[in-house]
Amino acid sequence: MTTVSPTPDTTPVAPPPTAPHIVTAQTTPPASMRLRELAFGAACAAAVRAAARLGVADALDETPASAAELALVVDAEPAPLRRLLRALCCYGIFSETADGKFVHTEMSRLLREDDPNSLKYISLWCTEPWTWEVWPRLDDAVRSGTSVFPETFGKGFFEYLHQDAGESAQVFNRAMTTSSVQSAKDVADLLDLTGVSSVADIGGGQGHVLASLLEKHPSVHGTLLDLPGVVARADARLRDGGRLADRVRIVPGDCREDIPFQVDLYIIKNILEWDDESTRRTLHNVVAAARPGARVVIIENLVDDTPSMRFTTAMDLLLLLNVGGAKHTRESLVGRMSDAGLRVGEIHPVNAYLHAFECVVP
């Protein structure tokens with residue numbers, strides 16, 4: 001039997017379809033998209049707050065975890081939690097792996113409560129419920145130049161905080177303590193105490209800066225001055241029975257009213273921002289109390305000449321809203337110190353967001 005070979009198929013073969021052309025995103029989004037993102041900035045702040053309140057960063061250890069696994073720990077629904085994490089990843093807060101799990105980033109670790117540089121409570125403080133009521137009234141504050149808080153809540157900021165917002169007051173205290181502890185070492189590392197035998201922290205809160213200085217300089221004695229309710233919660237190292245107590249005086253008082261002692265060095269940190277009258281009275285009282293030649297070091301955030309401009313200008317606007325205060329420029333702070341009679345010397349950066357102004361009482 002004859003086998004018939006099949007006739008070769010000479011029909012032209014069509015080339016495979018080309019892949020669709022994908023337009024890659026620009027490295028820098030256009031101005032219209034950047035403005036849209038900024039207008040939605042509240043979503044980012046709310047996402048940070050939600051992650052802090054849920055404890056997502058605390059739940060995630062060094063092992064990558066899925067949203068479902070994290071949801072079990074933080075008592076949340078997996079799908080919405082994944083949406084929250086996806087939004088945070090856009091800002092570098094957490095990162096998603098190729099297999100859909102989540103890992104820590106440098107920023108997400110700062111939301112852990114046990115991180116030595118934790119910003120958990122500062123993040124909560126900046127997003128407390130009252131902030132969402134005053135931010136929309138920023139235009140009113142800009143028109144009037146004064147705080148909108150009394151009109152919004154029927155009382156002043158601190159009165160409201162302690163009478164009507166107990167949880168927020170606790171967050172405030174923890175945030176301020178965290179910030180003070182973290183900056184105290186930077187201040188102690190910066191200041192040269194050669195020739196100084198006594199130092200006072202004016203309006204020094206719980207005294208973390210003073211404690212750090214005394215630990216570094218065992219021959220120096222210190223004084224902590226702040227309101228009675230504040231110094232009652234002073235750093236345990238400074239109170240009776242603390243390891244620095246024998247070198248410390250704790251003085252309840254108001255630096256705007258009187259500074260009843262003389263020392264070689266006065267430190268004033270982050271208290272000259274509430275209002276001009278408080279600043280004027282505090283600086284006047286320091287000059288009136290001090291011996292000629294005494295050093296005064298004033299440490300503040302600045303809204304100019306700093307790498308933390310976005311943070312500091314935001315805090316400046318929040319101060320306008322809640323207490324009618326303001327962060328200083330270098331020029332405005334030097335002007336107030338000079339008006340008080342201080343002789344202003346060198347200005348040193350303490351860290352990314354604080355500057356120290358060295359002054360002398362003539």
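Predicted model: local features only at pLDDT ≥ 70, side-chain atom pairs only at ≥ 80, totals over all residues.
View 1. The relative accessible area of V134 is 0%, so the residue counts as buried, a term applied under 20%. Neighbours within four places in sequence set aside, V134 makes contact with V148, F149, F153 and L321. L318 lies 184 residues from V134 along the chain, yet the C-alpha atoms of the two are 8.5 Å apart.

**View 2. The open sheet of seven strands.** The strands follow the order β5-β4-β3-β6-β7-β9-β8, with mixed pairing. Strands β5 (248-252) and β8 (343-349) are at the edges; each has a single partner strand, so one side of each has no neighbour in the sheet. From one strand to the next, the twist averages 20°.

**View 3. The pairing of strands β7 and β9.** Strands in a sheet are paired through backbone hydrogen bonds and may be parallel or antiparallel. Here β7 (residues 295-300) and β9 (residues 355-360) run antiparallel and are joined by six bridges. Within this pair, V296 is placed opposite C359 of β9.

**View 4. Helix α15 packed on the sheet.** Helix α15 covers residues 276-289 and touches β6 (265-269) and β7. The direction of helix α15 makes an angle of about 175° with that of β6.

Key: Residues numbered from 1 in each chain as written. Heavy atoms only, no water. Pairing = 2+ DSSP bridges. Helix = DSSP H or I, 4+ residues; strand = E, 2+ residues; numbered from the N terminus. Axes fitted to C-alpha atoms, helices over the stretch in contact; angles between N-to-C directions. Contact = heavy atoms within 4.5 Å. Buried < 20%, exposed > 50% of the residue type's maximum accessible area, 1.4 Å probe, protein only.
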